[in-house]
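Trainee: Can we go through this one together? I have the viewer open.
Mentor: Go ahead and ask.

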Amino acid sequence: MSDPRPPVFRTDLWLESRYRKLRRGLPQTVFFCPRCKGDRRRRHGCPTCEGFGKLTRESVQELIARRLVPAMQAKTGRFHGAGREDIDVLMLGHGRPFVFEVIGARNPDLDLEALRADIVARAEGAIELAPFRRVTRERIVYWKETHFDKVYRAEVEVEGDVDEHLLAAAATFAGVAVQRTPQRVAHRRADLDRQRQLRVLGLVRAEAGRLVLRVLCQHGTYVKEWISGDEGRTTPSLSSLLAVPCRCVLLDVEEIMTDDVPGPRLPPPLPQER
Ligand SMILES: [Zn+2]
């Protein structure tokens, strides 16, 4: 007698979209505990995560996967972002591109627009998504290897009085900053000097002791360090331009200048940066 059940067809597929991250403290991908690495056995009794295995309840990846993977009756999913922002940084504008790789889907032909609406509704304001688009796996490579300028918005705390002329000059700064690998990442990145182009788009006084900065940065710029100067490791810095200590207290990615997004662009990179 033949098996009455129909054969199960599984397929892999790739969905491209862009996410806006509207809640601070949300990592892009699963934030595994640095001590136990989320290992099933080691996490029990781990003092850092108290057995949870990760340091935040959710991430952009998990908010998407927990609806998408079951809806597609898939084995699993993988999140491939076009770079990432720090956990405490919002992702605004048109959002950050990503490809969600769906592995072993038995129900791949569902209504992607309904799925997107469901994910966004369940995220309760933490993320928004652009419509999903079916793509080929080559798009993962494209987003990994292509670099884009970014516009950041920062709230800057300044120590002491800012001179009006220095403020006006810094508000139109355009040029190259040399950044030595920041102290906060020096343990995992090579200690190098990097040249990065920047153009200040706006710099205005806010409440007392605060400035609001909008700056267009070349890919790979350490913005927090460009603001503070990182104890002389970044020059020039906003701090050196204003001749007062500056500290970034709030940072958002206002836009990632992908080819389809209108807005300002930096000149092509200098030859030695290629
Ligand atoms: Zn742990």
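Trainee: What do the buried residues of α1 pack against?
Mentor: Keep in mind that this is a predicted model. The buried residues of α1 pack against β1 (11–21), β2 (76–81), β3 (90–105), α2 (112–122) and β4 (127–129).

Trainee: Which residues of α1 are buried?
Mentor: V60, Q61, L63, I64, A65 and L68 are buried in α1. An α-helix has 3.6 residues a turn, so residues three or four places apart point the same way.

Trainee: And how far apart are the end C-alpha atoms of α1?
Mentor: They are 17 Å apart. At 1.5 Å a residue, the 12 residues of α1 (residues 60–71) should span 16 Å, so the two values agree.

Trainee: What follows α1?
Mentor: Q73 follows α1, and its phi is positive, near 50°.

Trainee: New topic. In the largest nonpolar core, which residues touch the most other members?
Mentor: Y152, V156, V223 and L238 do, out of 47 residues in that core. Strand β3 gives the most to this core, with 6 residues. The core draws at least three residues from each of domain 1 (11–145) and domain 2 (150–273).

Trainee: What is V156 in contact with, beyond its neighbours within four places in sequence?
Mentor: Its contacts are R210, L211, L213, I227, L238, C246, R247, C248 and V249.

Trainee: How do β6 and β11 pair, parallel or antiparallel?
Mentor: Strand β6 (residues 150–158) and β11 are antiparallel, over 9 bridges. In β11, C246 is the bridge partner of V158.

Trainee: And how many bridges join β3 to β11?
Mentor: There are 2, and those strands run parallel. L90 stands opposite D252 in β11.

Conventions
Residues numbered from 1 in each chain as written. Predicted model: local features only at pLDDT ≥ 70, side-chain atom pairs only at ≥ 80, totals over all residues. Helix = DSSP H or I, 4+ residues; strand = E, 2+ residues; numbered from the N terminus. Expected span 1.5 Å × (residues − 1). Buried ≥ 20, exposed ≤ 12 C-beta atoms within 10 Å, placed from the backbone. Contact = placed C-beta atoms within 7 Å. Core = buried A, V, L, I, M, F, W, Y, C linked by C-beta atoms within 7 Å. Domains from an automatic or database assignment. Pairing = 2+ DSSP bridges.
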